[in-house]
There are 2 protein chains.
Amino acid sequence: MKRAVVILSGGMDSTTAAYMAKSEGYDIVALHFDYRQRTQKREREAFESICDALGVVSRYVIDLPFFGQIGASALTDSSIDVPTGGIEPGVPVTYVPFRNGIFLSIAAAVAEKEGAEVLFIGVVEEDSSGYPDCRESFIEAMQKSINLGTKDSTKIAIKTPLVHLKKEDIVKTALKYGVPLELTWSCYKEEVEACGVCDSCRLRLKGFEKAGMEDPIKYAASAT
Amino acid sequence: MKRAVVILSGGMDSTTAAYMAKSEGYDIVALHFDYRQRTQKREREAFESICDALGVVSRYVIDLPFFGQIGASALTDSSIDVPTGGIEPGVPVTYVPFRNGIFLSIAAAVAEKEGAEVLFIGVVEEDSSGYPDCRESFIEAMQKSINLGTKDSTKIAIKTPLVHLKKEDIVKTALKYGVPLELTWSCYKEEVEACGVCDSCRLRLKGFEKAGMEDPIKYAASAT
């Protein structure tokens, strides 16, 4: 059976990508990162329950304490506040330096060990927080780097099924593939009730609204 | 002052690259990885003493416990023996899956945080152990990936001053730049006296021999 490594944070996007991978017939190796992000405990819980729901047997939870050492982001340095006033143009303070580059590099090592031919990552380019490491051009360059920097017998394709979707299309896609959206967690800030006002909550809520659907998770506040 | 992140294992190659960076006038941010390699304790000791000798103030020691979790290499899985019978063609069992991709990705994050414009890595392509992640084509692809996956204001060049040198030329270069070779550690296998027979010791000893120099570190055995 062909095998795929899926980077799975437990958010709506990566979970949808995981369900799409499953529907393509891949045997899934699920890869989760604890990078000392604010909501790591809640994300880990989401990851495990989604893996249970999807029937994923092979799971890697990778501990990356050094992200706290580097910091330089509101997600990994508790002295920098997560913005809640609305999405602004440019790269926001929640950007974690080269995070997806690091994640994809580790995913490549896992894929080479596991004999996987595909990596799935749920990046979204246009309708997103504006992170440079979510751009398709970056992902294409990383795919080339990975194939040049591993054994010649290792061939890895990176699949980004959501990269050009708008958030409402991701909600619709999730419903189509039977994604248990109630298990997913997207909030940057809180772990019990989603804050509703960080960039990630705003993007998610806007997606549900435009799709004409109701988000099954609980929110503490709603943006007006 | 212009700033460079230097990946410094404490071996002969990375130390020579660090001295070359210093001579080019860079303020050095030294970056060392504990990836659960067999000789991590001895390499860390080499790193610290080389930083002291070079007057490096900014040091990052990055803990990467997950390499032990992935394994799949004689350097990170103690159940796989380090070969001592001589260098053979192909990718050896000491290859650590996509190690330099992971190292360069983390180095890019540190460089972006620290405002460094250059990364130095002491990879050697032809006269080496045959690792795919030491090829110049891979390094060039990673440089492109890093610049696409970080902020547009971040511009990072990767310098590989040793990539096309033979080992004897690295020994000569090290002497020219005043590298304290007695502080460096290259052995894959042992931490007190270098084994003299692993691929890394063999390459180093051959370099000294061809350069007509004597290696200042102690060896337990010598290959015949």
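This is a predicted model: local features need pLDDT of at least 70, side-chain atom pairs count only at pLDDT 80 or more; totals for chains, interfaces and linings use all residues.
View 1. Helix α7 of chain A covers residues 199–211. Chain A has a mean pLDDT of 96. In this chain, 99% of the residues reach 70 or more. The model scores ipTM 0.97 and pTM 0.98.

**View 2. Length and end of α7(A).** The helix α7(A) has 13 residues. From first C-alpha to last, α7(A) reaches 18 Å, close to the 18 Å expected at 1.5 Å a residue. G212(A) follows α7(A). The phi of G212(A) is positive, near 70°.

**View 3. Packing of α6(A) against α7(A).** Helix α6 of chain A (residues 167–176) packs with α7(A) at an angle of about 70°. Their axes lie 7 Å apart. Angles of 65 to 115 degrees count as roughly perpendicular, so α6(A) is roughly perpendicular to α7(A).

**View 4. Residues at the contact of α6(A) with α7(A).** From α6(A), the contact uses K167(A), E168(A), I170(A), V171(A) and K172(A). From α7(A) come L203(A), R204(A), K206(A), G207(A), F208(A), K210(A) and A211(A). By class, the residues of this contact are five nonpolar, one polar and six charged.

**View 5. The buried residues of α7(A).** D199(A), S200(A), C201(A), R202(A), L203(A), R204(A) and G207(A) are the buried residues of α7(A). Their cover includes α1 (12–23) and α6 of chain A. L203(A), R204(A) and G207(A) are buried and also take part in the contact with α6(A).

How values were computed:
Residues are numbered from 1 along each chain as its sequence is written. Chains are lettered from A and ligands numbered from 1 in the order in which they are written. Axes are lines fitted to C-alpha atoms, for helices over the stretch in contact, and angles run from 0 to 180 degrees between N-to-C directions. Helices (H or I, at least four residues) and strands (E, at least two) are DSSP runs, numbered from the N terminus. Angles under 35 degrees count as roughly parallel, over 145 as roughly antiparallel, 65 to 115 as roughly perpendicular and the rest as oblique. Two residues are in contact if their C-beta atoms, placed from the backbone, lie within 7 Å. Ala, Val, Leu, Ile, Met, Phe, Trp, Tyr, Cys and Pro count as nonpolar, Asp, Glu, Lys and Arg as charged, and the others, Gly among them, as polar. The expected span of a helix is 1.5 Å times one less than its number of residues. A residue is buried if 20 or more other C-beta atoms lie within 10 Å of its own, exposed if 12 or fewer, and partly exposed in between; C-beta atoms are placed from the backbone. pLDDT is the predictor's confidence in each residue, from 0 to 100.
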